[in-house]
Amino acid sequence: MLKPGKGKTPRRPGPKKASNIERDPVGVYCRIRPLGSEDEECCVEMISSTTIQLHAPDGLKANRNGEYKETQYSFKKVFGINTTQLELFEDIAKPLVEDLIHCKNGLLFTYGVTGSGKTFTMTGSPGEGGLLPRSLDMIFNSIGPFQAKRFVFKPDDKNAMEIQSQVDALLDRQKRDSQQTVPKTPSSRQKPDPEFADMISSEEACKSENVDEDCCYSVFVSYIEIYNNYIYDLLEDAPYDPIRSKWLGGSTPVRNNEPPQSKILREDQNHNMYVAGCTEVEVKSTEEAFEVFWKGQKKRRIANTQLNRESSRSHSVFTIKLAQAPLDADGDHILQVTEQDKNQVNVSQLCLVDLAGSERTNRTRAEGSRLREAGNINQSLMTLRTCMEVLRENQMCGTNKMVPYRDSKVTHLFKNYFDGEGKVRMIVCVNPKADDYEETVLVMRFAEMTQEVEVARPVDRPICGLAPGRRHRNQAFRDELSRRLEERGGPSNADDAVLMTQLIESLPALPTCELVDPNDDQTLPRLIEVLERRHRVRQMMTEQFNKTANTVKSMLQQFDSQLCSRDAFLHDQQSKLSEKDKVILNQKTEIERLEKKSKTLEYKIDILQKTTDMYEQDKRSLQQELETREQRLQKELSERKRLEQRMQGVMTDTKLKWEKECERRVNAKQLEMQNKLWVKDEKLKQLKAIVTESSGPAERPEKPERPSRERDRNIAQKRSASPSPLPGNVFKTRSGGQAVQFTDIETLKQECPTAPSRKRRSGSAEGPAEVEDIENRAPVASTNSAHGYQKRRRP
């Protein structure tokens, strides 16, 4: 059993993802920066809007014997040297900002060799704002009228958002204003930084049209850097002593000779990685966000190298969090959610990452801390490549290898994006000068491999169950209430000063009250008359006021009754709505069940279709095999019939031959037996003659005639007259030759040409000579009868 290593928290099993999730490849774009001078050699050529071609420099070809060839690389889109920052933003970052407003996460990072224009692409310069300031400007242009008051949304320490009540938010705002020692967020009313004052012109401002007006929004930003594989917060307020501060090369200060505290990565309840203890600042305008960004940018570590005057020595991550929550049913305040309804608060984030450029120490001539920084930068980029390679292998080959996210803080922080928590876009920045050719080739190979990695498409967030258009209806109700008050004589706030002036002018003017003569009897009566008139006017005004007050009271009572009836109506509607919600929930459940059933049936149909295709294929193969076998069987039957006919002919010929052979053998045997019988008779007669001669002379008996051989001679003549050169049958063998089967018997007799011919001189001498001749011929006849298939020719 394997145990987790020391210092590592074992990962909890994440939510099981469905196997049929739609995936999109990582969007990889290429941007070519212009050359520093016109006389420099260029090794990159833009062929089309999606393809570039690399040419090996002449010196490199000479050194490597011309082994480098021209290579082409394709991207989703290629931006040439004349591309503006606005065009780049509209094609790459604007869709990510649209997704951010619609509760979807996004990751955008720049990648390339040092000095290839990554920081300029991300940040920009005065008059040419980059992707980061343009993204902030578009966000505030879209949600400006719908922002919540400050401190209504409050981040907790667990990568989530809480909604405070109006009273708590007001107390936090008063506390922030009263505590002067606490550094406040730069106000949008202050004068913006001159470096960002004219970064984006009003003509280039962008805005999203599809913004939900029934929600309140709030933007939070954070800024971190990953330096030597440690995470540091660039927005953290630390004591800074300008007298005792030191600079470690470039623009990196050490405050009070103490290095800043690094942060750690943690995992929230949704298995998303975040930087624990990172400062998140709530901003309310583009200028305020610029000020916060510039505050962190001044703390970022940069240094002067041989290849770049302001080379980034760390990876920077600027995160924009957008918190949004729906309005209540009246459309007046934010909906106060409970612990069970926290999913109503949606928090989406867009991470803008400026990766430090890869570099070779033999070119930068780095030493000491610069050498250590370059090693850590290259190591983190190598880990990023390794993770991409393992992801591609797992997706293309179906393997389940572990992706080494934890080997680097960069990959560990953004592992959720590659697991399907948002869209991923990469901008490959290329410097076309010849000195960067070898590093550019490595960057192109990594970009080509990254395009084959697919990321799960983010899922849409749940829609609020409240009726849409609440904010608009609330504003319309307020306007209508003001209009009705004006119609019924009720003063509005704008007319208070005018009415007061008219009332003062309507009163009669007081006469001079100076008494000179005690007998003056006109001044006092005149003053009394004027005061009586003013008193009557005041009474009239009081009556009018009372009348108006009564009217207002009646209107208020009417409004109260209407409000009560409306509350009752709303209560009824809410009860009906809850019933409808239950019906909708049941229908959704039924729809989900039917969808699952439909997917199961589709899966079964696919399996049956595949099985049917397999059976059809087997059927076709079996039919082909059956036809082949039938053809083979027909061929074998025809061959068999032909062999049967041939064998029948051979059997007929053989039968005739054997019948003839048997007849010849029988005749030969008869002849042999006749010869033997004749020999015996001759011997017997000779013996009888000898016996007779010994007893007395007597007549010699007649010599019996030997069986005639005329028949054999006739057969031999017939054979010699036949066209066949041999006394037998000639037939073909299996190997294609010929064989002869002898069917005749011939008697061969050999006489010595030098021996004297035998003559019968006397009867006594003739007998033995003939006996000897007979004995010599008898074996020859028996030999011919035993080997009837051989032929012996006579000399």
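Buried means under 20% relative accessible area, exposed over 50%, and partly exposed in between, with a 1.4 Å probe and protein chains only. This is a predicted model: local features need pLDDT of at least 70, side-chain atom pairs count only at pLDDT 80 or more, and totals for chains, interfaces and linings use all residues. Residues are numbered from 1 along each chain as its sequence is written, and side-chain values use heavy atoms, without hydrogens and water.

**Aromatic pairs**
- Rings of Phe, Tyr and Trp (its six-membered ring) pair if their centres lie within 6.5 Å; planes under 30 degrees apart are stacked, over 60 edge-to-face, the rest tilted.
- By this rule the count is 6 aromatic pairs.
- Y223 and F318 form an edge-to-face pair, 5.4 Å centre to centre with 80° between the planes.
- This pair links distant parts of the chain, 95 residues apart: Y223 is in strand β12 (residues 215-227) and F318 in strand β21 (residues 315-326).
- Strands (E, at least two residues) and helices (H or I, at least four) are DSSP runs, numbered from the N terminus.
- Y223 counts as buried, at 2% relative accessibility.
- F318 is buried too, with a relative accessible area of 1%.
- F414 and Y417 have ring centres 6.1 Å apart and planes at 55°, so their pair is tilted.
- Both F414 and Y417 are buried.
- Y223, F293 and F318 form one aromatic cluster.

**Helix α13**
- L485 lies in helix α13 (residues 470-487).
- L485 counts as partly exposed because its relative accessibility is 33%.
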